[in-house]
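Please look over the sequence and the structure below. A short report on selected features follows.

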Amino acid sequence: MPMYTVTVATGSQWFAGTDDYIYITLVGTERCSERTLLDKPLYNDFERGAVDSYDVRVGEILGDIVLVKIEKKKYWVQDDWYCRYVTVKTPAGDYVEFPCFRWLVDDKEVVLRDGQAHLPQDEKTSLVKQHRQKELETRRKTYRWKEWQPGFPMSIDANRHRDLPRDIQFDSEKGVDFVLNYSKAIENLFVNQFMHMFQSSWSDFGDFERIFVRIKNTISEYVMQHWKEDFMFGYQFLNGCNPVLIQKCTKLPDKFPVTHEMVSVSLERDLTLEQEIEAGNMYMVDYKVLDDISANTTDPCTLQYLAAPICLLYKNAQNKILPIAIQLGQIPGDDNPIFLPTDGQYDWMLAKIWVRSADFQYHQTITHLLRTHLMTEVFAIAMYRQLAAVHPVYKLLIPHIRFTIAINTKAREQLICECGIFDKANATGGGGHVQLVQKGVKSLTFRSLCFPDNIKMRGVDKKEDLPTYFYRDDGYLVWEATKSFVSDVVHIYYASDETVQGDEEIQAFVKDVCSFGMQDFDYCEFPKSLKTRAELIEYLTVIVFTASAQHAAVNFGQLYLGMYPDEHFIEKPVKAAMEKFRKQLAEITSAIKRRNEGKKLPYYNMSPDKIPNSVAV
């Protein structure tokens with residue numbers, strides 16, 4: 001009797017193993033095998049991290065193996081199982097790989113395709129076409145859109161993390177990491193000892209300094225020594241946690257009536273203010289989106305306030321960016337003066353602190369939450385709904401959306417919900433953060449997510465103008481490396497622009513993002529279709545870059561970009577493209593390390609070895 005050898009790999013995460021019964025059915029082009037129990041006598045099958053092999057005997061050769069059906073049945077109590085992959089060795093000695101990377105919960109079955117990526121128009125048999133169609137129909141019922149707040153990008157239809165499909169929930173140890181990391185941060189910052197200060201006024205700057213006494217590294221110590229100085233204030237607009245707002249000032253707006261007489265003492269080139277503007281030496285940051293946002297009134301005993309400042313910045317002869325004028329509101333007048341460095345020491349310092357406060361609100365709510373987390377969730381939901389697991393773009397994107405829906409659901413459950421952490425400790429809590437996202441969405445166009453376009457739109461694209469804008473320089477390198485990798489993958493599977501146009505799943509994916517995820521907002525300008533390979537490459541680069549590099553630049557840094565532990569792709573050309581991508585990223589990492597040598601304020605946020613694959617990894 002012909003014999004097929006089946007190898008099954010169990011995940012290595014906590015509780016991945018199972019004691020339930022596991023059955024397998026091999027589906028070939030000629031016939032199917034019998035439903036076979038995978039079990040070895042006196043052996044503990046499917047343990048965590050195990051790779052187990054079994055023999056499946058058949059009466060006749062099955063033909064080419066195109067599907068593998070795996071079933072899990074309860075043994076004693078329900079015992080979830082995480083299957084990484086299945087491989088089948090045929091009687092002829094050939095190996096066929098079937099990636100899985102999913103949980104089998106309750107009495108569940110999954111049907112796997114072989115690891116070869118296929119576009120929908122390339123499917124040859126009715127059997128695989130039906131499987132593909134059924135997979136997507138099931139996913140659309142499982143991954144449903146929901147409007148969490150009016151005017152927000154759409155999110156997943158789940159109120160709590162535990163309501164999510166098991167495959168996109170945090171792994172057990174990831175959930176533990178989430179709690180431990182939060183606890184560690186609280187411990188490191190002594191925040192528990194200062195929580196009462198978030199609900200009352202602080203008495204002096206020493207309170208602020210004592211919070212960070214336990215953060216010991218070269219950068220933090222340097223910042224603590226110089227945070228009151230103008231050069232540090234300006235530097236943060238270039239390479240701080242929110243380096244996305246500074247823009248070239250080509251004309252002072254009427255609402256910000258700064259005159260030459262006001263700032264002449266700050267100018268160094270014997271030019272008038274108008275001449276400095278014409279020479280390209282003036283920059284501006286405008287927090288107009290914060291105007292009319294409601295301040296937090298959660299605690300009636302604590303008054304909280306918000307400003308919507310405008311800040312004028314000057315590039316001096318040493319190429320340092322310095323603040324030279326600050327207006328804390330959007331409407332000029334006697335009750336809204338323009339603060340200058342020549343004012344009293346504490347007046348000027350407090351004006352800068354108000355700008356930093358506004359910057360924090362914008363950063364956390366728009367730059368970080370909206371433009372990385374919520375946008376990546378939109379792409380993730382549309383991917384699950386419209387791209388089959390065998391689609392090459394699904395395989396490309398899945399590492400970059402990993403746990404995104406889970407962490408966003410946790411945020412809606414605990415962080416930005418009513419009575420959540422935002423309400424307790426944030427001036428935009430109590431509903432202001434919702435208003436801020438609603439206003440921020442109105443400037444969230446597709447082009448604004450394209451890194452080079454965003455940089456150019458703000459007039460900060462020339463290195464000679466801002467030689468120390470490392471966020472821009474490193475971002476360009478990572479964007480181009482990512483785009484090159486995406487281009488390699490796209491050209492492997494799409495022979496022409498017509499192939500893109502004929503890919504019904506890609507077209508449905510793009511339309512789902514715009515029409516449902518972004519709710520067809522008039523101002524979002526997201527494409528509803530893609531006509532060329534170039535358009536597809538740019539679109540996918542936006543997704544990967546937003547979820548990885550952009551999020552890292554405005555959040556934190558750790559390792560992973562270019563590292564794909566779950567092997568969804570099996571094709572050698574794609575693996576070669578991955579290796580090329582890793583080499584490019586390694587070269588960028590080395591270049592950034594060399595650039596940073598000897599700097600008192602090195603910039604690492606866009607270094608590939610600090611960039612996670614997704615917003616939640």
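In which segment is the place of Lys610?

## The chain end and the model

Lys610 sits in the segment after helix H20 (572-596). Helices (H or I, at least four residues) and strands (E, at least two) are DSSP runs, numbered from the N terminus. Lys610 is partly exposed, because its relative accessible area is 31%. Buried means under 20% relative accessible area, exposed means over 50%, and partly exposed lies in between (1.4 Å probe, protein chains only). Lys610 and Ala549 are 61 residues apart in sequence. From C-alpha to C-alpha, Lys610 and Ala549 are 8.9 Å apart in space.

This is a predicted model, in which local features need pLDDT of at least 70, side-chain atom pairs count only at pLDDT 80 or more, and totals for chains, interfaces and linings use all residues. Residues are numbered from 1 along each chain as its sequence is written, and side-chain values use heavy atoms, with hydrogens and water left out.

## Domains

The protein is divided into domain 1 (3-115), domain 2 (146-158 + 368-610) and domain 3 (242-360). These bounds come from an automatic or database domain assignment. The C-alpha centres of domain 1 and domain 3 lie 63 Å apart.

## Two buried strand residues

Val86 belongs to strand E6 (residues 81-89). Val86 counts as buried because its relative accessible area is 0%. Contact means heavy atoms within 4.5 Å. Not counting residues up to four places away in sequence, Val86 touches Val6, Thr7, Val8, Ile24, Val68, Ile70, Val96, Glu97, Phe98 and Leu112. Val86 and Ile331 are 245 residues apart along the chain, and their C-alpha atoms are separated by 65 Å.

Cys311 lies in strand E13 (residues 310-315). Cys311 is buried, at 0% relative accessibility. Leaving aside neighbours within four places in sequence, Cys311 is in contact with Phe233, Phe256, Tyr283, Met284, Val285, Pro323, Ala325 and Ile326. Cys311 and Asp347 are 36 residues apart along the chain, with 15 Å between their C-alpha atoms.

## A buried aspartate

Is Asp474 buried or exposed? Asp474 is buried, because its relative accessibility is 2%. Asp474 is found in helix H16 (residues 470-493). Its contacts, leaving aside neighbours within four places in sequence, are Ile592, Arg595, Tyr603 and Met606.

## Helix packing

Two packed helices are described by the angle between their axes and the distance between the axes. Axes are lines fitted to C-alpha atoms, for helices over the stretch in contact, and angles run from 0 to 180 degrees between N-to-C directions. Helix H18 (residues 504-517) and helix H19 (residues 533-554) pack at an angle of about 55 degrees, with their axes 13 Å apart. H18 is therefore oblique to H19. Angles under 35 degrees count as roughly parallel, over 145 as roughly antiparallel, 65 to 115 as roughly perpendicular and the rest as oblique. H18 passes H19 in a left-handed crossing. A crossing is left-handed if the near helix is turned anticlockwise from the far one by less than a right angle, and right-handed if clockwise. H18 contributes Ile506, Phe509, Val510 and Val513 to the contact, and H19 contributes Leu536, Tyr539 and Ile543. By class, these residues are 7 nonpolar, no polar and no charged. Ala, Val, Leu, Ile, Met, Phe, Trp, Tyr, Cys and Pro count as nonpolar, Asp, Glu, Lys and Arg as charged, and the others, Gly among them, as polar.

Helix H9 (residues 345-386) and H11 pack at an angle of about 130 degrees, with their axes 9 Å apart. H9 and H11 are therefore oblique to each other. H9 passes H11 in a left-handed crossing. On the H9 side, the contact is made by His373, Leu374, Thr376, Glu377, Ala380, Ile381 and Tyr384. On the H11 side, the contact is made by Thr404, Ile405, Ile407, Asn408 and Arg412. This contact has 6 nonpolar, 4 polar and 2 charged residues.

## Positive phi outside glycine

Phe15 is not a glycine, yet has a positive phi of about 60 degrees. Phe15 is placed in the loop between strand E1 (3-10) and strand E2 (21-28). Phe15 counts as exposed, at 63% relative accessibility.

Phe403 also has a positive phi, near 65 degrees, in a residue other than glycine. Phe403 lies in the loop between helix H10 (392-397) and helix H11 (404-415). Phe403 is buried, with a relative accessible area of 10%.
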